[in-house]
Amino acid sequence: MRRTTTPADDASRALLRAATRHSGARTAALCLVATAGTGAGLLLPAALGRTLDLLLARAPATGWVLCCAGLVLLLALLDGCQSVLVGTVDARTAAWLRRRLTGHVLAVGPRATARFGAGDLVARLVGNAAQAGTAPAARAALLAALAGPVGGIVALGLIDLWLAAVLLAGAPVLAVLLRTFARDTSRCVTRYQQEQGRIAAAFAEAVDGHRTIRAAGATDRETERILRPLPELSRAGHQMWRVQGRAAAQAVTVAPLLQLGVIAVAGVLLTRHRLSVGEMLAASRYAVLATGVGVLVAQLASLARARAAAGRLGEVVAEPAPTHGRRRLPPGPGRLELRGVSARRGGHTVLDGIDLVVPGGTTVAVVGRSGAGKSLLAALAGRMADPDDGEVLLDEVPLPELTHDDLRRAVAYAFERPALLGGTVEDAIGLGLPHPSPTRIREAARTAHADDFICRLPNGYGTALADAPRSGGESQRLGLARAFAHDGRLLILDDALSSLDTVTEARITEALTGGSSATRLLVAHRAATAARADAVAWLDGGRVRAVGRHEELWDIREYREAFTGEEPA
């Protein structure tokens, strides 16, 4: 029964086609070189046979000896060229696949990490991309490997049709062996790579939570958890080698019988003077080439591993990335509107029919109990995620209709745990700016109250991030500085003040509400932060329960409980 293809299967095939096109010229050259090597290998037995016949007849054979020597040198040269081309094609293809996969993962965003896990994604990006990168070279080499048996059969037919007939009688058996091997190997390799991904995912989780593991004294338990898939990995690996060993053993059983059959028939023909000694020598060599299953088994195994790895890459690429429109953002104050927005996560409705308007140039704090969907709402507001229902508009334009560049220029984010990227502190603050100026970066750092501790670093703003020890609050201030330097019309702070002391938080909030023309959406956990906002959107039960001033809502007991009993500011 034919297996039903999935979107991941289609994506993996398209990925391999595109990767092959990327290295198309080199792959074609590799195919030509490998085929030329096979052709030279097919010519050599005939040349050796002709040389032997001339030597036995005591006829001049210098030219044929030189021809044999030339073919041997040519084979060595082509083999060297093939090795270089294989390495080049593999490296180029793997690099292209990694760029393609990295770009897609970043475009998909948090959904990719949520589905596959950070560790598994790294395993696919590093190991599976390298393995899949061998596919174009493996295909080219497989074509050349197939040319050997086909050419050997044709050569036997040219010597005598009975020789080719003997070999063709056993060809269906070899074909069945190869087909079975390819199918079983692909299944085993896929299972093996999946178990590798599970171990990588568990290891990445442990690295991320190493402090918690150490504090809990759970090192041994976590080691056991990480290595729990190891027995299954071992079973998959052993099964893979058993499949390959069984195929090789079966081939070793069948191939020598066919070779002996060819040699026996050639011996009979020799006694009847239908073959010369040289032709019998050539026939014996062509029989070996025609039954060269060992080379085919190795090439099929390599191709199966590459296709299995490409299948794992295809699963990632099949995850749809957000599409962007062609509309430009018109001039406006940064008015944000959510119309009937609903969002589900893990089969559970987190936000249900949210209607919220944030007037341009104002500050709105989003508050609610833990798990109320505050961070999800912040993600939807700047299109870090898309709603399942409803739409989000910025200055009356639905976010999906905006171009990618217009959207990202208009919206700036600061997060609870900012990822600081770049070589230096200045690079981290200027991330995403087309032309970051030192003046703009320092002004943003002063607004975030980060300038003082940055100036105390060994090289100030030029200090390498790896050489800039910082607390959680200082990291948050660098993330805030990056958002302030962006200077978009909508600024979204997703719990980006949580690690700051109350004094610093008050100063930054005052700077936000008093000195910025951008629209601000703040996820707040402190009553003091909510009190400084122009309005508060109170999330409760997946809906906006109320919108109003903090002091107006404070009289409601459930609203106060959203701040875990904190007294009003």
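Helices (H or I, at least four residues) and strands (E, at least two) are DSSP runs, numbered from the N terminus. The structure is a predicted model, in which local features need pLDDT of at least 70, side-chain atom pairs count only at pLDDT 80 or more, and totals for chains, interfaces and linings use all residues. Residues are numbered from 1 along each chain as its sequence is written, and side-chain values use heavy atoms, with hydrogens and water left out.

**Backbone and burial**

The loop between helix 10 (230-271) and helix 11 (277-290) holds histidine 273. Although histidine 273 is not a glycine, its phi is positive, at about 60°. A residue is called buried under 20% relative accessible area, exposed over 50%, and partly exposed in between (1.4 Å probe, protein chains only). Histidine 273 is exposed, because its relative accessible area is 72%.

Aspartate 395 also has a positive phi, near 50°, and is not a glycine. Aspartate 395 sits in the loop between strand 4 (389-394) and strand 5 (397-398). With a relative accessible area of 9%, aspartate 395 is buried.

Helix 13 (residues 374-381) is mostly covered, with 7 of its 8 residues buried. Among them are Lys374, Leu376 and Leu377. Just after helix 13 comes arginine 383, which has a positive phi of about 60°.

**Salt bridges**

A salt bridge is a side-chain nitrogen of Lys or Arg within 4 Å of a carboxyl oxygen of Asp or Glu. The whole structure has 30 salt bridges. Three of these pairs are listed here.

| Pair | Closest N to O distance |
|---|---|
| Aspartate 160 and arginine 274 | 3.0 Å |
| Aspartate 540 and arginine 545 | 3.0 Å |

Aspartate 540 and arginine 545 belong to one network with Arg369, Arg557, Glu558 and Glu561, joined by salt bridges that share partners. Aspartate 540 is partly exposed at 32% relative accessibility, and arginine 545 is partly exposed at 42%.

In the salt bridge between aspartate 160 and arginine 274, the partners come from distant parts of the chain, 114 residues apart. Aspartate 160 is in the loop between helix 6 and helix 7 (161-208), and arginine 274 is in the loop between helix 10 and helix 11. Aspartate 160 is buried, with a relative accessible area of 10%, whereas arginine 274 is partly exposed at 44%.

**Aromatic pairs**

Rings of Phe, Tyr and Trp (its six-membered ring) pair if their centres lie within 6.5 Å; planes under 30 degrees apart count as stacked, over 60 as edge-to-face and the rest as tilted. By this rule there are 5 aromatic pairs. Tyrosine 413 and phenylalanine 415 make a stacked pair, 5.3 Å centre to centre with 5° between the planes. Tyrosine 413 is buried at 11% relative accessible area, while phenylalanine 415 is partly exposed at 29%. Tryptophan 554 and phenylalanine 563 make a tilted pair, 5.9 Å centre to centre with 40° between the planes. Tryptophan 554 is buried at 10% relative accessibility, and phenylalanine 563 is buried at 2%.

Which residues form one aromatic cluster? The cluster consists of Trp538, Trp554, Tyr559 and Phe563.
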